[in-house]
Amino acid sequence: MATLEHFRSAFDALPEAARTPARRAALYAFLEQGLPPNTLEDWQYTDLAPLSALTSEALRPDADATQMGIESFADSLDALNRAFAAGGLDRSIAANTKLEEPLRPENRAHQRHRLKLERGAEATLILNTSGDMPFQTIFADIELEAGSRLHLIRISDAGADAHRLTRVKLRVARDACADVVTVDLGGKLSRHDLHVDLAEPGASVYLHGLYAPVGKGHVDNHTWIEHRAPHCISRESFRGIARDQAHAVFNGMIRVHKDAQKTDSEQRVANLILSPGAEINAKPELEIYADDVKCAHGATFGQLDDQAMFYLRSRGVPEALARTLLTCTFAHEVLRHIRPDGVRERVTKRLLRQLPGGEQMEALQ
Amino acid sequence: MLDIQNLHARIDGKDILKGIDLRINAGEVHAIMGPNGSGKSTLSKLLAGHEDYTVTQGSVRFGDEDLLELDPEQRAAKGIFLGFQYPVEIPGVSNMVFLKAALNAQRKARGEKELEAADFIAWVRHRVKQMKMDSAMLSRGVNEGFSGGEKKRNEILQMLVLEPKLMVLDETDSGLDIDALKIVSDGINLMRSKERAVLLVTHYQRLLDYVQPDFVHVLAGGRIVKSGGPDLARELEEKGYGWLQNSVGQAA
Amino acid sequence: MSASPTDIQDLVKNRTYSAGFVTDVDSETLPPGLSEDVVRHISAQKQEPEWLLEFRLKAYRRWLKMTEPTWAHVHYPKIDYQAISYYSAPKSMKDGPKSLDEVDPKLLETYTKLGIPLREQEMLAGVQPQVAVDVVFDSVSVGTTFRKKLAEAGVIFSSISEAVREHPELVKKYLGTVVPFGDNYYAALNSAVFTDGSFVFVPKGVRCPMELSTYFRINERNTGQFERTLIVVEDGGHVSYLEGCTAPQRDENQLHAAVVELVALEKAEIKYSTVQNWYPGDENGVGGIYNFVTKRGDCRGRGSKISWTQVETGSAITWKYPSCILRGDDSIGEFYSVALTHHKQQADTGTKMIHVGKNTRSTIVSKGIAAGEGQQSYRGLVRVLPSAEGARNHTQCDSLLIGDKCGAHTFPYTEVRNPSAILEHEATTSKIGEDQLFYARSRGIGEEDAVSMIVNGFCKDVFKELPMEFAVEAQKLLSVSLEGSVG
C-alpha cells in the first residue's frame, strides 16, 4: 500500500486556524481508508497510485480558515477533498431569476461548492481545472429545484504533470433541466465523477463530454445517471480521441429504478484512437428495473464518416487533412453544446492545436 | 477529354455497369438520362473515385491519364468535379475553411501557388454573389442544417470556386424550386467554355431547358441504350422510358 | 381493448419443467466434502495417469487461495463447498463405459423420457439426420453412439475419461491450454474435481460427417456436476457440436461448474451450440441449478473460426461467458445468445472477444428476455490488442422486458489499443408492446401465441444459427419457459 504520509505532513504545515477539527477528522478518514484500489469495479482502469508519488509541496491544501459544516464522507476521496478544501461557492440563485454572467469560482487547488437553483432560476456554472497546478480537487453539490435550468461546463485543459479529481453531484427536481458539457484536454492523471439524480417527474439531463488526452495522459470519466422518477429524459453523448501513449476511460451508468416508467434515455459513446500506443476503454452500462422504458445505448470505435471522407477527397482535400477535418467534426458534436461563444471558441482552438495536422487546420481558420 | 471504354463495375458482388462507352470532348455538354437503378449515380461516383465500386472491365481515360489509377483527391486536382446527389454535412467545419482547404490542396497538387488569404476571400465572395447566396453561409458548417435546395446551390458554389475541367452533376436539379433551378443553371452555364465539359446526370428534361446539352444518352440496365441530340430528351419526357424497353431488349 | 399487465399475468399458469423427474438408480456417491483426498479419490476412480492427478492437485491448491467472484449482477446465499458431493456414478457404471447393450435400461429410459432415445438413434441411422450422442449422467459418461462411423472418418468422440485412457498424448497436449487451471475460481474448482465430459478430436482436413452432441444430466441429490469438455480441430477440419442439459426438480440448489475448451487450428471451424435447460427453481426461487461455467475457444490458427450459439432458459443462477481468443490472423469469433430469466432466475451472461491477430473479426448478438422477477444481464468484453491490426467487431445487444418486476442490464466492456480497429456496439431495451399484442389478438391470435410469436421474432437472429432440430427445440423451450409471464 502506497504511503499517504505526505498528505498528513502537507496538512500539518497549515496554519493552526485552518486545521479545524472537522478538516482533521476528514484527513484521518482519508488516511484510514486510503486510495480506492483497482479491485473495485469503478476503479478497474484507473490507478491513483501516482498521487502517492506527489511531493507534499505539490498537494497545496487550502490555508483558509472557513467553516464548512460537512461531517460525513461518501468515500476516501470525498474525505480528502473535505480535508484539503476550505470552501468555495456557497450560493442560492433566487427563484425565477436568470444570472446573465456565468459563475466562475476562484481558482484554488481544492474547492468545495454548494449551489442551489431555486424554482425557475437559470444559471451557468464553469468549473475549470485547467493549468499547471500539480494537484487539484473540485467537489460540488448542486441542487436544481423545480423548473430551474443549469448550464454546467467543466473544462480541464491541464498541464502534462497535472493531477485532477472532480466530483459533481446534481439533483434535478421536477421539470428542471441540467445541460452539462465536459471537456478534458491534456493532464497526467484525471478522474471525473458525475452523478445525476433525476429525482422527480419531468426532470431531464443533457450531457455531452469530450475527452482527448495526449502524451502519457490518463483521463477517466465516470457518470451515473439515476432515473428515479417517471417521465424523465436523459441524453448522454461522449466522444473520445486518444493519441500518443494516452489512455482514456469512459464508464457511463444509466440506472432506471423500479418506478421510473416512461423513462426516455439514450447514451452514445464514440471513440477515435489516433496512435498505436493509445488506448481507450469504454463501458456504457444500462441497469433497468422498469418495463415501460425507451433505452438505447451505443459505443463505437474508429469510425469517421465514410461519406464525408469521400466528399472531402472529391473536392481535392488530401486524405490526411480530410481526417483532421473530420476529427474536428467529431469533436464539434460535443463542443457545439458549450453556450458561451467565447468559451466554445477558446476550447475549439485549444483542441485543434493538439490534433495531428491541427497546424494546417489552424492555418485555414 | 474523357474517354470511357467498355466500362463494367460492381458493388457488393452485384454488376451495375455492364459495358459503358462514352467520349466527351472539351466544350461539350452531355446529359445522361435513365430510369432509377439504371446505373447513373454509379457512373458519376465511379468517375470521382468512390472506393465502394470495383471496376471489373474496361478503361476510363481523362486527358492522357488512366483515371482509375487515381485517388479521389488526385482526380479533383486534375479537374474532375462531382456535384453530389446527396451532399454531405460536415458540422463544425465552416464552408470557408472547407473551400480554402480544397482549393489550396488542388493548387498545390498542380504545382501552383496557394492563394493569399485576402485574394481567396475576395474570390469566394465574388462567387457567392454570383450564386445569389448570403455570405454569412461561409462561416456556417458545410451543409450543416441546409435545406435540400441550399445544399445543391452550395455544390454549384464549390464548383465555381474550384473551377474544374469536367463537371459531373448528379441529379443536381432534384429538390429545387423553379427559382433555385434557374440560379443553379445560371451557375452551370457560367462555367461552360471551350476548355471545359459538363456531364449532367438527370431524370428529367427540366434542367435541360436551362442547360442545353449537345448530346443526350439514355442509360438502362448498366448500358447506354440510345444516344442522340437534345431532341431525344424531349422525346423521353413525352413518352417516358417505357418505349425504350424494346430497344434494351434488342441491345441485349 | 388491451389486457392490463396483471390480467395477462394471470392468464396462464406456472411453467412446467418437464425434465424435473428423478431416475431411481443405485448410485455410488462420495460423501459431501472437498479435500485433497477427494481429488485423489476421483482421479483413482478414473485410473488416471500421474500427470493428470498433478494437474488436479495444482488446481485444488490454487483454488484454496482464491475467492469467489462477486462482480456479477447476481445474488445468492453463500455456497458451502463442503456440503456438496463431488462424485456420483450409477453403480452399474462402475466398471467404466460399456456398449449400449449393457447400459442399465433405467438410464436409457431416462434419456428416452428427455427426448434423447439413444437406442433408436442408432437404429434409425440413415433415416434422419444423424447425430452422434455422448450422454453424461451425474459424474460419468453412460455411452457414446455412432463411434464406429466416426472412427472411420478419423474423428474421435468419446467421454473425456476414456480419452485420457486411450489418447493420453492428445489430452495432455491440449487440456488446460485454453482455460488454465487457475483461470478463475470455478475453473480452478473444475480442474480439481472434474468428472466427465466429452472429448472431440477432428484431424487435419476432416469434416466431421455428422453433428456431435452431449447430453448432460444431473440426477443425484446434493451432487455437483463438474464436466470438462475438450474439442480440438486440426487444420481445415470442421465440427458442429451440440450440448443439452437438464436436472431433476429439487428444493435445494445444485452446483454445476463446467469447463469447455475449444482449439481451432489453421482454417479449422468449430460450431458449438448449447440448449441449457437446467432446473430453474420454482416461482418462489426455491431450488434450481447454479450454473457457473467457463467456456473458451482458442482460434489458434490463421483463418480459423469459432462460433458459440446458446439458448439459456434454465438454471437459478447463470454465470457464463463463452469466449473467443482470436489469435490467428483472419480468424473469426461469433457469439449468438438467447437468455431467458423468469420467476426469480438470475443470469449474468455474455462473451469475451479477444482480438490478437490481424484482421480478426467478431460478431456478438445477444437477446435477453426478462420476465416475472427475473434479472437478466449481458456482460461482454471486446478487447483489441495493439497487434490486432484491422480488427472488427459488431455487437448487437437487445433486451425485452415482460412485466414490471424484472430487470434487464447491459455491461459492455470495450478495451481498444489499436487505431485501425472498428467496433460498433448497439443496445436497446424495450418491453413487449401492448399494441403489438393487441394487434396480433385483433387478428385472432391468442394472447400466449402472440407473446410466443413476438419473442420468437425477437430471437430469430440467434435461432437461425442453431442446427435445425435444435432451433425447433429452442423455440418450444422458450414458449414453455415463458408460460405465465405475459405482461
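Reader: How many residues of chain C are in contact with chain A, and how many of chain A with chain C?

Author: In this predicted model, 29 residues of chain C are in contact with 30 residues of chain A. A pair counts here because the two C-beta atoms lie within 7 Å.

Reader: Which elements of chain C give two or more residues to that side?

Author: They are β23 (407–416) and β24 (422–431) of chain C. β23(C) gives the most, with 10 residues. By residue type, the side of chain C that touches chain A divides into 13 nonpolar, 10 polar and six charged.

Reader: How do you know that β15 of chain A and β24(C) pair, and in what sense do they run?

Author: Pairing takes at least two bridges. Strand β15 (residues 294–301) of chain A has seven bridges to β24(C), so the two count as paired, and they run antiparallel.

Reader: Staying in chain C, what makes you call β20 largely enclosed?

Author: A residue is buried if 20 or more other C-beta atoms lie within 10 Å of its own. Eight of the 11 residues of strand β20 (residues 361–371) of chain C are buried, so the rest of the structure largely encloses that strand.

Reader: And which strands pair with β20(C)?

Author: Strand β17 (residues 332–341) of chain C is joined to β20(C) by 10 bridges, and the two run parallel. Across that pairing, Leu340(C) has Ile369(C) as its bridge partner. Strand β22 (residues 392–402) of chain C also pairs with β20(C) in the parallel sense, over 11 bridges. There, Val365(C) is partnered by Gln396(C).

Reader: How do you know that helix α3 of chain B has the span its residue count calls for?

Author: Helix α3 (residues 95–109) of chain B has 15 residues, so at 1.5 Å a residue it should span 21 Å. The expected span is 1.5 Å times one less than the number of residues. The end C-alpha atoms of α3(B) are 21 Å apart, which agrees.

Reader: Is α3(B) enclosed or left open by the rest of the structure?

Author: With 11 of its 15 residues buried, α3(B) is largely enclosed. Among the buried ones are Phe98(B), Leu99(B), Lys100(B) and Leu103(B). After the helix comes Gly111(B), with a positive phi near 80°.

Reader: Why are β6 and β12 of chain B said to stand at the edges of their sheet?

Author: The open sheet has six strands in the order β6-β9-β10-β3-β11-β12 (chain B), with mixed pairing. β6 (80–83) and β12 (223–228) of chain B each have a single partner strand, so one side of each lacks a neighbour in the sheet. On average, neighbouring strands of this sheet are turned by 20° against each other, direction ignored.

Reader: Which pairing of β9 and β10 of chain B is found, parallel or antiparallel?

Author: Strand β9 (residues 166–170) and strand β10 (residues 197–202) of chain B pair in the parallel sense, over five bridges. Met167(B) stands opposite Val198(B) there.

Reader: What confidence does the predictor give chain C and the complex?

Author: Chain C has a mean pLDDT of 82, and 79% of its residues reach 70 or more. Over residues 1–15 of chain C, though, pLDDT stays under 50, and the model has 30 contacts beyond four places in sequence for them. Residues 122–129 of chain C are also below 50, with three contacts beyond near neighbours in sequence. Where pLDDT is low, predicted coordinates should not be read in detail. For the complex, the predictor gives an ipTM of 0.87 and a pTM of 0.84.

Terms used
Residues numbered from 1 in each chain as written. Chains lettered and ligands numbered in written order. Predicted model: local features only at pLDDT ≥ 70, side-chain atom pairs only at ≥ 80, totals over all residues. Buried ≥ 20, exposed ≤ 12 C-beta atoms within 10 Å, placed from the backbone. Helix = DSSP H or I, 4+ residues; strand = E, 2+ residues; numbered from the N terminus. pLDDT = per-residue confidence, 0-100. Nonpolar A, V, L, I, M, F, W, Y, C, P; charged D, E, K, R; others polar. Axes fitted to C-alpha atoms, helices over the stretch in contact; angles between N-to-C directions.
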